[in-house]
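Please look over the sequence and the model shown here before reading the notes that follow. They are grouped by topic.

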Amino acid sequence: MSKNKKEDTLKKLEKSFDVTAAGMRRIARDFHSEMERGLAGKKSSLKMIPTYVRRPTGAEKGTYIALDLGGTNFRVLQVELKGGGRSAVVRAEKFALRKAHIATTAGALFGFIARSIKDFMAGARLGAGKRAHLGFTFSFPVKQAAVDSGILIRWTKAFRAKGAEGRDVVALLDDALGREGVTALTVSALLNDTVGTLVAKAYEDRRCDVGVILGTGTNACYYEPSRDGMVINIEWGNFNKLKLTPYDRALDKASGNPGQQILEKMVSGMYLGELARLVCADLVKKKALFAGRPAPVFGRAYAFGTEQMSRIAADRSKGLSGTAAVLKELGVRKAAPEDMALMKKVCDMISTRAARVSATALAAVLTRTDPAMSRAHTAAIDGSLFEKYPRFSAKMKDALRELFGQKARRVTMALTKDGSGKGAAIVAAVAAASR
Ligand code: GLC
């Protein structure tokens, strides 16, 4: 491809991924109306799920067990709430989730979970004969009628276990625990990971009013004044008033849940690498990359991960040796400097769009409760994308500045690790006290 034509191709590509300031304002407007429709029970891409969770006082105390299901690992934690806004994770164990667990049956998945809990409890010194309360962080859309039960609406991310959708996941967990002979636990609370993250931070920071996950999936929750301050799980990953590129359409079409989780597919860690792969494959086809020599990695779905993008983005060496190393791992032996520079650009375009779309969604949530941005807000944020992707949070901050000007200073984005553990303990404590 000639140099001119290549520049032209690249310009078009950049334009299709660009989110302008006007574009962000439009997204925020649509986000507000979808929030309102969702709250009013009208058809909307935002489910706006009531969670029956309210603001913690900071005085909650005691030892609790927390489960965290929804990402790459399943975790069991023992958490101690000390009151005064202080808490500690006393013990934590990670269990790797395999395809056999997440993509077969509910029985297999919950059986694995119950066995992992049994192993964990064998090492938990809770005092003989004592019952422990458990908070279950379950990071999927769930329809709740109370804090301690909820029906799985549908799986998202890579989860597919059959026989769980439409069922109460607390009942599934209780049954599995019963089958394993674990009887000393009461499942007191079921919550989304965004809720855990929000509550964990709100326990120590009164200004915290939004919880966000930017990881394998993406979502947020907040305290809704018109519902007496109840936390609403937005399920923002499903927002769909967004301008899509042909790559987004191809990714969606080939996914396990076409037509759903459109924002999530543009933003979250599970998908960014795949988007980059699709763009690169197209550039190879157009002979704008690797002189048109097909590299096998670009022909295999999900062969290029967000983690690799992240390493390419972090490479600031002059000769792009870090990028060359990533490519080598992926089986691309010879990459010209301009190929590597182009790949870096592709990663940048995709992650910048993700950061700007998520910052816009965050801005829309903040202005729902504080339209003039007259107060200080803390957004509790967790997830590998926010924590680890180079300059992701800085790009979000830039976008907030474009939207809010000086008032962007009123927004603190606080990395909140272990929210799904500590938050689960806090919600379980509140629920157990009101039993
Ligand atoms: C997906 C789930 C949502 C969760 C998010 C982050 O979007 O549907 O419930 O909060 O991933 O884990």
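Is T367 buried or exposed? With a relative accessible area of 14%, T367 is buried, where buried means under 20% relative accessible area, exposed over 50% and partly exposed in between, computed with a 1.4 Å probe and the protein chains only. This is a predicted model, in which local features need pLDDT of at least 70 and side-chain atom pairs count only at pLDDT 80 or more, while totals for chains, interfaces and linings use all residues. Residues are numbered from 1 along each chain as its sequence is written, and side-chain values use heavy atoms, with hydrogens and water left out.

**Around T367 and M373**

- T367 belongs to helix α12, residues 337-369; helices (H or I, at least four residues) and strands (E, at least two) are DSSP runs numbered from the N terminus.
- Leaving aside residues up to four places away in sequence, T367 touches H32, M373 and F404, a contact being heavy atoms within 4.5 Å.
- The side chains of T367 and H32 are joined by a polar contact of 3.0 Å, that is, a pair of N or O atoms within 3.5 Å, for which, within protein, one must be able to donate a hydrogen and the other to accept it, and residues adjacent in sequence count only if both atoms are side-chain atoms.
- M373, one of the residues touched by T367, sits in the loop between α12 and β12 (377-382) and is buried, because its relative accessible area is 1%.

**Positive phi values**

- Most residues other than glycine have a negative phi.
- M373, a residue other than glycine, has a positive phi near 50°.
- K287 is not a glycine either, and its phi is positive at about 65°; K287 lies in the loop between α9 (269-285) and α10 (306-314).

**Domains and the ligand**

- The chain is divided into domain 1 (1-48 + 205-417) and domain 2 (61-191), with bounds that come from an automatic or database domain assignment.
- The C-alpha centres of domain 1 and domain 2 lie 29 Å apart, and the contact takes 12 residues from domain 1 and 10 residues from domain 2.
- The ligand lies between the two domains, because domain 1 and domain 2 both give residues to the shell around it.
- Of the 15 residues around the ligand, those that come nearest are T156, N192, D193, E235 and E264, where a residue is near a molecule or strand if one of its heavy atoms lies within 4 Å of it.
- At least two residues of the shell are supplied by each of α6 (193-202) and β10 (218-224).
- A polar side-chain atom of D193 is 2.6 Å from an oxygen atom of the ligand, and a backbone N or O atom of T218 lies 3.3 Å from an oxygen atom of the ligand.
- Taken alone, the ligand exposes 310 Å², of which the protein buries 98%; accessible areas come from the Shrake-Rupley method with a 1.4 Å probe, and for residues only the protein chains shown count as cover.

**Around K417**

- K417 is placed in the loop between β13 (411-415) and α15 (419-433) and counts as partly exposed, because its relative accessibility is 48%.
- Not counting residues up to four places away in sequence, K417 touches D382 and E387, and its side chain makes a polar contact of 3.1 Å with the side chain of E387.
- K417 and D382 are 35 residues apart along the chain, yet their C-alpha atoms are separated by 5.9 Å.
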